[in-house]
Amino acid sequence: MSQSTTASSYNYAYLDEQTKRMIRRALLKAVAIPGYQVPFAGREMPMPYGWGTGGVQVTATVIGPSDTLKVIDQGSDDTTNAVSIRQFFEKTADIDTTEKTKDATVIQTRHRIPEETLTEGQILVYQVPIPEPLRFLEPRETETRKMHALEEYGLMHVKLYEDISRHGHIATTYAYPVKVNGRYVMDPSPTPKFDNPKMDNCAALQLFGAGREKRIYAIPPYTKVQSLDFEDHPFEIQSWDQDCALCGSTDSFLDEVILDDKGNRMFVCSDSDYCQSRQDGSMPSSVEHTLSQASQMQSVNSEASK
Amino acid sequence: MYVAVKGGEKAIKNAHRLLAEKRRGPKEIPELSITQIKEQLSLSVSRVMAEGSLFDEDLAALAIKQARGDLIEAIFLIRAYRTTLPRLAYSLPIRTDKMNVERRVSATYKDLPGGQILGPTFDYTHRLLDFDLMEASDDDLSEEVSTDAEGLKTEKTTQPSDTGMPRVLGGLLNNEGLIQAETLPENEEEHPVGDLTREPLEFPVDRDQRLQNLARGDEGFILSLGYSTQRGYARNHAFVGEIRLGTVSIEIQPPELGFAIDIGDLEITECETVNQFQGSKTEPPQFTRGYGLVFGQNERKAISMALVDRALRAKEMGEDIVAPAQDEEFVMSHSDNIQATGFVEHIKLPHYVDFQAELGLVRRMREEQQTPSTQQSQTQQAAE
């Protein structure tokens, strides 16, 4: 089969229209009940489970010919799986793609939220491996659904408390649980907890797709998203002693790059578009503004500098 | 100076090209044809059709070729194709009692109406490598094999099979009321058969969805679970009442026609097990059943499926759930090899960000441990 015949013998954006309708219904329900996991009849996709089939199904359902798509993995547009998913939509949905966060109408992501503030009208689609935040505390779906229904989240707080008593910190660094709209505890997907504050009161629509587990959930724009914590142990985000070695950013999430086998390493922005824009000097001013909004960051930075 | 890694696009393209080259192998060796795979590796084709849940021998053979013989990869190709196919019609239930039987054995009766027909089985072969097969040679097969059912029967006393082949459990044991009857929903309109590929899996589930899940489930996983029931993890004393392999016709009944039309044949393996009897104050002791059905020829899977089906009926039989094979959430959530292989293998994808987050935490905790004074001040801070 040549690539061209493959593309033309499938429906627009791969999924058939009935499947899209089923997914749209699930999405509407998810938006109506922020943070609630809606079961949906996930389809087999032409990429493996674990590669973002949930996110791909959501993107395929919401996307149209006038959209501009950005795909990131680990914050970067050029990681292999991001390239592969972007090519999939170029081929099946005949769509414009971009690496610029501000130019995208739909952004599919794995493990990061872009550093640049998202705006109204944008949709951020997350790829989710395990949608159930209580899964590692209680493996049974029948039990965890009951716990959500009864708003029975004591177990999660006990887990976080045990972390503090054992380590002095909450030892969760990514997939850090949040409470959405004051009701459902939700897994933000394995983004670093650094990104949690960006979810709160976000102007963009945030959609979450878990293909293997067949769940969809959502955070509508301007919804309260609170990272779980305690009064005496407030939520805090990661910080680094170094700045980004390429763009000098002091307040973005940094990846560690090992330079040799003698322990030398450097730190660079995980968000490649953000880093490149700063190097080009084209960073819009709004970004600086948002970053200073994250007040927790300031406190962490000052603590780290002590 | 470090330059951000670019070139994912080019690397992917080259990797695909290398893969295609590896699949083909050395050019001086003739390329495998789809018909060769279909006709000579038919048990692989059976497995790919069963777990891919699409009955199409040519596509299964193509998938095996494209997947370089990796059957789970081939199953994946078939699943990804299947999911795009429209549903044109639902067939009538297939009639396995009307099967054109190629093999049929019962372990519970020495002889029975219709007879024991061995068919093409490895069961009584000695597992000695046949070095003659090293060379392509059809000499051994020059003698015509009798595929006539009479020639494959173990007993000569039985009635000829053309008088029908009643099912052991349904026809023979049920006459005496010794075995639990299979009950069908009164009204199929109100209780349509579930379809896990069209509705999300929500627990608890009914037997129809469990059977669908097992039929699509990984052969190795179902085999091991079935085995575990025999070793005491929810033992249910199974006998193979009957195994039959053959073709059944598949029929649809378009509403505008009002009668059924035959649209083709399906090769299937069916297994029914007779399991431990139970009784209660209100019900006399009775045997119970397990059921297995797979596309193509695959007795290992059909028998294992019947064992696991019986184990999963624990709740309806009022048995304690004590073992993995009885636990529908455990079994159904982990039986699908496409889901399993995807999620297990996905950890080879980049996880720099999460790992960075963990690195930071571990470094910080080690620092605190090594300098007790800081730790104290940290704890103090924490207490504030």
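Reply: A residue is called buried when its relative accessible area is under 20%. By that criterion R289(B) is buried, and E272(B) is buried as well. The model discussed here is a predicted one.

Me: Which residue forms a salt bridge with R289(B), and in which strand does that partner lie?
Reply: The closest N and O atoms of R289(B) and E272(B) are 3.4 Å apart, and the two form a salt bridge. R289(B) belongs to strand β4 (residues 286–295) of chain B, and the pair links parts of the chain 17 residues apart. The partner is therefore E272(B), in strand β3 (residues 261–278) of chain B.

Me: How many helices and strands does chain A have, and how many does chain B have?
Reply: Chain A has 306 residues, of which 57% are buried, and its secondary structure consists of ten helices and twelve strands. In chain B, with 384 residues, 39% count as buried. The secondary structure of chain B comprises 14 helices and four strands.

Me: What area is buried between chain B and chain A?
Reply: The size of an interface is often expressed as the accessible area lost when the parts come together. Here 51 residues of chain B are in contact with 66 residues of chain A. Carbon and sulfur atoms give 58% of the buried area, which is about 4800 Å².

Me: Which element gives the most residues to the side of chain B that touches chain A?
Reply: There are 19 residue pairs in polar contact between the two chains, both residues being at pLDDT 80 or more. On the chain B side, the elements giving two or more residues are α1 (8–24), α5 (71–82), α12 (337–345), α13 (352–370) and α14 (372–383). With twelve residues, the element that gives the most is α13(B).

Me: How many salt bridges cross the interface of chain B and chain A?
Reply: Side chains of opposite charge can pair when their charged atoms come close. One salt bridge joins R364(B) to E236(A), with the closest N and O atoms 3.2 Å apart. Across the interface of chain B and chain A, the number of salt bridges is five.

Me: Which residues of helix α3 of chain B are buried?
Reply: Helix α3 (residues 42–52) of chain B is mostly covered, with eight of its eleven residues buried. The helix is followed by S53(B), which has a positive phi near 45 degrees. The buried residues of α3(B) are V45(B), S46(B), R47(B), V48(B), M49(B), A50(B), E51(B) and G52(B).

Me: Is R300(B) buried or partly exposed?
Reply: R300(B) forms a salt bridge with E219(B), the closest N and O atoms being 2.6 Å apart. E219(B) lies in helix α8 and R300(B) in helix α9 (residues 299–312) of chain B, so the pair ties together parts 81 residues apart in sequence. At 9% relative accessibility E219(B) is buried, whereas R300(B), at 48%, is partly exposed.

Me: Which residues are linked with R47(B) in a network of salt bridges?
Reply: R47(B) has a salt bridge with D218(B), and E219(B) has one with R300(B). These residues belong to a network of salt bridges, in which R47(B) is linked with E51(B), D218(B), E219(B) and R300(B).

Me: Which side chains are joined to that of D195(B) by polar contacts?
Reply: D195(B) is found in the loop between α6 (168–173) and α7 (207–216) of chain B. Its relative accessible area is 10%, so D195(B) is buried. Polar contacts join the side chain of D195(B), at 2.7 Å, to that of T197(B) and, at 3.0 Å, to that of Q212(B).

Note on methods. Residues numbered from 1 in each chain as written. Chains lettered and ligands numbered in written order. Predicted model: local features only at pLDDT ≥ 70, side-chain atom pairs only at ≥ 80, totals over all residues. Heavy atoms only, no water. Buried < 20%, exposed > 50% of the residue type's maximum accessible area, 1.4 Å probe, protein only. Contact = heavy atoms within 4.5 Å. Buried area = accessible area lost by both parts, 1.4 Å probe. Salt bridge = Lys/Arg side-chain N within 4 Å of Asp/Glu carboxyl O. Polar contact = N/O pair within 3.5 Å; in protein donor to acceptor, adjacent residues only side chain to side chain.
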